[in-house]
Amino acid sequence: MATPLSDPSLSPLKTVAVVGLGTMGTGITEVLAKAGREVIGIDVSEAQAARSLADLEASTARAVARGKLTEQERADVLARVRTGTDLTAAADADLVIEVTPESYDIKHQVIRELDGIVRPETILATGTNALSVTRLAADSARPERVLGLHFFNPAPAMKLVEVVSSVLTAPSAVAAVTGLAIELGKEPVAVGDRPGFVADGLLFGYLNQAAAMYEAKYASREDIDAAMRLGCGLPMGPLALLDLIGIDTARTVLDAMYAESRDRLHAPAPILKQLSEAGLTGRKSGRGFYAYEAPGSATVVRDAQTPLDGAALTPGRTVRSVGVAGSGTMASGIAEVFAKAGYEVVLAARSEEKAQAAKARIGKSLDRSVGKGRMTAEAAARTLDLITPAGSYDAFSDVDLAVEAVAEDLEVKRQLFATFDKVCKPGAVLATTTSSLPVVACARATSRPQDVIGMHFFNPAPAMKLVEVVRTVLTAEDVHATVREVCTKIRKHAVDCGDRAGFIVNALLFPYLNNAIKMVEEHYASLDDIDAAMKLGGGYPMGPFELLDVVGLDVSLAIEKVLHREFRDPGLAPAPLLEHLVAAGCLGRKTGRGFREYARR
């Protein structure tokens with residue numbers, strides 16, 4: 001069934017000129033025309049203007065095929081769009097949206113020319129995500145009518161629009177453009193003028209750190225991208241996203257952010273300069289972090305960095321039985337994962353009662369899976385029978401793999417590894433599930449550090465596909481191979497990384513969360529606007545403050561402190577607001593109050 005088009009009679013902005021008909025300009029044109037606006041598309045290149053029109057015809061044809069538009073509605077949409085190469089065509093526009101390249105020179109020139117063409121009441125909107133709206137407005141003869149209107153790519157699909165005011169912008173102009181955004185079916189967020197605004201201000205710092213992590217050869221591009229997709233539920237990994245955005249564009253945005261913030265986390269990673277100056281700008285050039293089938297293609301092809309399928313690893317050790325140490329949610333989840341894969345599991349805790357309670361929790365989890373039709377009652381019973389609870393770690397004497405999932409306290413873990421050293425047989429692999437502590441410190445608590453490795457599962461372990469496999473400088477090759485083989489058998493996606501704070505996921509996730517808190521501290525944007533911006537503009541499953549309250553503010557602060565201590569970067573220092581909330585006992589959902597308040601159960 002076709003969707004009804006918006007009624008343009010509601011808004012005074014009935015005729016809109018779009019200057020710059022690249023991907024974004026074409027997308028904005030489509031959104032406006034579908035919403036009943038008369039659209040004048042302008043580009044310096046006649047060929048680009050023609051391409052834009054062809055893209056619009058193809059896009060609306062697909063909409064008809066999917067039942068989103070009727071043939072008549074498609075004809076009406078196309079009839080509302082005309083294109084050309086002369087800025088004077090914007091003379092009758094109520095609103096002009098410029099989406100020209102991210103260059104002050106180009107944008108200044110366009111705005112100056114438009115000043116002499118459009119009516120005094122016409123609003124001029126810049127689509128910049130990196131340049132100062134205030135600086136662009138100050139160069140105009142009508143600064144009060146200039147503002148930022150930042151759409152996200154692809155414009156027809158993405159709901160977020162950031163409406164950016166400078167100190168010069170008239171409230172009436174903001175109100176008119178905000179009303180238009182709502183009529184376009186978008187969710188406008190009002191923000192002040194600073195590079196990156198909300199969504200890109202948070203997103204590009206994270207992308208920059210991912211690029212730096214890859215450049216340091218800490219992890220492969222595939223593992224970095226898989227870790228953030230599977231560990232955080234993101235639609236794309238950061239390096240693939242940089243290729244989509246354009247590495248040159250990312251560098252421009254980061255340069256502008258760094259010029260204002262002087263935060264080293266915003267200083268573009270050198271690899272971004274190297275790639276962009278070599279013309280390897282991502283998908284649009286056919287090569288960036290990845291290689292593509294052709295310029296503009298989304299199809300990744302093999303290149304010199306692509307690992308060969310089934311590349312030979314050192315043969316691993318045989319694993320038939322697994323010991324899981326701990327009785328909490330993570331320990332019981334990990335034991336369930338191993339038992340489902342057919343391993344015999346010894347689930348040991350500090351007392352028989354705790355171990356029995358953990359096994360009972362697994363039983364309830366398996367019952368839920370049966371109720372949802374994910375497994376049969378017989379399979380659930382077989383799985384539960386594979387788990388033997390024990391009140392002493394002596395029960396690990398014959399396991400092939402011992403996995404600790406106890407409290408995130410280094411001394412507790414070191415003591416446990418000393419116990420593993422005493423009770424586990426020679427050749428057993430010893431694994432820690434730590435998310436933030438040094439794996440090598442656990443290894444040094446044993447007389448066999450070569451047998452120790454990190455296996456960082458994500459919560460809830462039965463549902464989350466990712467395991468970060470953390471090698472220390474002492475880990476034996478066959479131990480690494482063993483854990484990779486085990487991850488395959490338990491149907492988890494393993495990513496390799498070295499033994500440093502945060503590994504891949506937390507090292508990229510928590511600075512982003514910390515920066516979101518700093519935005520609130522600085523009164524730049526509200527919790528709700530930031531959460532909305534990241535969900536609607538970045539495709540995040542949860543906004544940063546929703547996520548912080550779920551993770552726990554105390555846990556988040558502890559990870560932030562570990563990262564700051566390890567990397568000594570001032571930009572990683574925990575935001576004071578986070579420290580204050582933790583000190584006040586506001587730890588998130590578990591206490592009923594964190595950044596937001598929750599109904600107590």
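How many residues of strand E16 (residues 452-457) are buried? I looked this up in the predicted model and found that 6 of its 6 residues are buried, leaving the strand mostly covered.

I then checked which way the residues of E16 point. Val452, Gly454 and His456 face one way, while Ile453, Met455 and Phe457 face the other, and all are buried. I noted the general rule beside this: side chains in a regular strand alternate between the two faces of the sheet.

Next I looked for the strands that pair with E16. Strand E15 (residues 429-432) runs parallel to E16 and is joined to it by 3 bridges. Here I found threonine 432 opposite glycine 454 of E16. Strand E17 (residues 466-471) pairs with E16 in the antiparallel sense, over 4 bridges. On that side histidine 456 stands opposite glutamate 468 of E17. Glycine 454 and histidine 456 point one way from E16 together with Val452.

**Salt bridges**

I counted salt bridges next, and the count comes to 28. I went through some of them one by one.

I took lysine 107 and glutamate 102 to begin with. Their closest N and O atoms are 3.4 Å apart, and the pair forms a salt bridge. Is lysine 107 buried or exposed? Lysine 107 is buried, because its relative accessible area is 0%, and buried means under 20%. Glutamate 102 has a relative accessible area of 22% and is partly exposed.

I then turned to aspartate 569 and arginine 264, which form a salt bridge with the closest N and O atoms 2.8 Å apart. The two residues are 305 residues apart, and the pair links distant parts of the chain. Aspartate 569 sits in the loop between helix H21 (553-567) and helix H22 (576-583). Arginine 264 sits in the loop between helix H10 (247-261) and helix H11 (270-277). Aspartate 569 is buried at a relative accessible area of 4%, whereas arginine 264 is exposed at 56%.

I also checked lysine 590, which forms a salt bridge with aspartate 554; the closest N and O atoms are 2.8 Å apart. Lysine 590 lies in the segment after H22 and aspartate 554 in helix H21, so I noted a link between distant parts of the chain, 36 residues apart. Both ends are partly exposed: lysine 590 has a relative accessible area of 48%, and aspartate 554 has 27%.

Asp94, Arg119 and Glu121 are joined by salt bridges that share partners.

**Histidine 150**

I located histidine 150 in strand E6 (residues 146-151). Histidine 150 counts as buried because its relative accessibility is 4%. What does its side chain contact? The side chain of histidine 150 makes a polar contact of 2.8 Å with that of glutamate 162. Leaving out residues up to four places away in sequence, I listed what histidine 150 touches: Gly127, Thr128, Asn129, Leu160, Val161, Glu162, Phe197 and Asp200.

**Leucine 366**

My last entry concerns leucine 366, in helix H13 (residues 352-371). Leucine 366 counts as buried, at 2% relative accessibility. Leaving out residues up to four places away in sequence, leucine 366 touches Glu336, Lys340, Met375, Ala380, Thr383 and Leu384.

Methods: Residues are numbered from 1 along each chain as its sequence is written. This is a predicted model: local features need pLDDT of at least 70, side-chain atom pairs count only at pLDDT 80 or more; totals for chains, interfaces and linings use all residues. Side-chain values use heavy atoms; hydrogens and water are left out. Buried means under 20% relative accessible area, exposed over 50%, partly exposed in between (1.4 Å probe, protein chains only). Two strands pair if DSSP finds at least two bridges between them. A salt bridge is a side-chain nitrogen of Lys or Arg within 4 Å of a carboxyl oxygen of Asp or Glu. A polar contact is a pair of N or O atoms within 3.5 Å; within protein, one must be able to donate a hydrogen and the other to accept it, and residues adjacent in sequence count only if both atoms are side-chain atoms. Contact means heavy atoms within 4.5 Å.
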